[in-house]
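Let's take a friendly walk through a few helices and strands of this model. Please have the sequence and the 3D view open as you read.

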Amino acid sequence: MSRTLPTRLGLLALVTALALAGCSGAGDADDDDAAPAPSGPTATRDPAPDPSTSSSASASASPSSAPGSATPPPGTPSGSAAPGTTPAPGDQAASRWKPQPGLAWQWQLDGRSDPSVDVPVYDIDGFENTAADVARLHRDGRKVICYVNVGAWEDFRPDHAAFPAVLLGEPNGWKGEKWLDIRRLDLLRPIMERRFDMCRDKGFDAVEPDLMEGYGNETGFPLTADHQLAYNRMIAEIAHARGLSVGLKNDLPQIPQLVDDFDFAVNEECAQFDECHRLTPFIAAGKAVFHVEYEGSTSGFCGESRRLKLSSMLKKLELDTWRKPC
């Protein structure tokens with residue numbers, strides 16, 4: 001299901017087009033080609049959010065496998081704990097994947113992964129892909145990131161009934177989705193732990209938690225920046241306890257406070273909104289920034305991306321297999 005459109009709808013008047021040098025797109029379309037227009041129904045991920053925030057989307061899927069087995073499932077990364085066990089903190093940190101700046105990547109949230117793109121990193125939907133899908137990518141030498149929504153309830157997920165009604169806020173602009181009350185760490189932690197167990201048990205190397213900036217949106221709850229910091233740090237802690245790396249998705253204003261808690265960053269449209277410089281703390285720390293643009297052409301942003309050492313590409317709005325990298 002296609003579920004992605006440009007974020008920050010209604011703020012396009014703020015856009016300042018960049019006129020920077022282009023970059024090569026070997027194996028893809030010419031640099032001046034814009035991303036093909038999406039087909040079929042679409043919707044925005046973040047309707048009219050704060051100008052400093054943006055997000056992305058995914059679709060429905062199959063239930064996760066239950067943790068608790070003493071034997072790691074197929075595709076479990078080397079050094080990860082077996083389900084139901086927790087390695088010592090030092091062992092977790094040493095064994096985690098630590099992506100460095102400049103790694104090429106593929107971001108596909110439109111159904112099951114297509115393994116045909118020759119890049120070292122794949123970011124795919126955690127529910128829609130199986131342990132066998134992850135193992136296939138591992139056999140091809142790829143690291144695999146598990147996309148999971150941590151900021152909104154989705155009525156199409158297999159665990160939707162696990163969310164108490166008190167957690168559900170305003171609709172976020174996507175059919176079947178509502179913002180979560182991230183102040184309720186006591187209720188959300190066990191749910192997110194089970195979701196991250198799924199990512200670990202399927203053999204993923206890392207997690208991309210989405211919608212980590214509810215405090216900048218109309219959620220129906222009086223969320224503050226401090227609430228968001230506490231929630232985002234809890235998310236990072238849950239991932240690290242399972243031997244998984246974790247990325248900070250967007251949330252540019254809190255990068256200075258969170259860069260030490262996360263292993264990489266995922267960003268949408270920083271060039272579109274002239275914000276890519278705000279991601280430099282991750283690069284300075286030797287941590288990858290996986291970045292996409294949805295508008296324009298690679299000649300408009302790849303020059304700056306190369307200068308900043310971002311892992312950048314142009315994607316179609318539905319996040320299918322099409323990509324045009326810098």
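In this predicted model, strand β9 (residues 264-268) runs parallel to strand β10 (residues 289-293), and four bridges join the two. One place to look is V266, whose bridge partner in β10 is F290. β9 also runs parallel to β8, and here three bridges make the join. In that pairing, G247 has F264 of β9 as its bridge partner.

Here are the two pairings side by side:

| Strands | Direction | Bridges |
|---|---|---|
| β8 and β9 | parallel | three bridges |
| β9 and β10 | parallel | four bridges |

How many of the five residues of β9 are buried? Five of the five are, so the strand is largely enclosed by the rest of the structure. In a regular strand, side chains alternate between the two faces of the sheet. In β9, F264, V266 and E268 point one way, while A265 and N267 point the other way.

Now to β8 (residues 245-249), the strand that holds S245. S245 counts as buried because its relative accessibility is 0%, under the 20% cut-off. Beyond its neighbours within four places in sequence, S245 is in contact with several residues, including W97, V207, A239, D263 and F264.

Finally, have a look at helix α3 (residues 185-201). Its 17 residues reach 23 Å from the first C-alpha to the last, close to the 24 Å expected. Among its buried residues are L188, I191, M192, R195 and F196. The buried residues of α3 pack against β3, β4, β6, β7 and α4. After the helix comes G203, with a positive phi near 95°.

Conventions: Residues numbered from 1 in each chain as written. Predicted model: local features only at pLDDT ≥ 70, side-chain atom pairs only at ≥ 80, totals over all residues. Heavy atoms only, no water. Expected span 1.5 Å × (residues − 1). Buried < 20%, exposed > 50% of the residue type's maximum accessible area, 1.4 Å probe, protein only. Contact = heavy atoms within 4.5 Å. Pairing = 2+ DSSP bridges.
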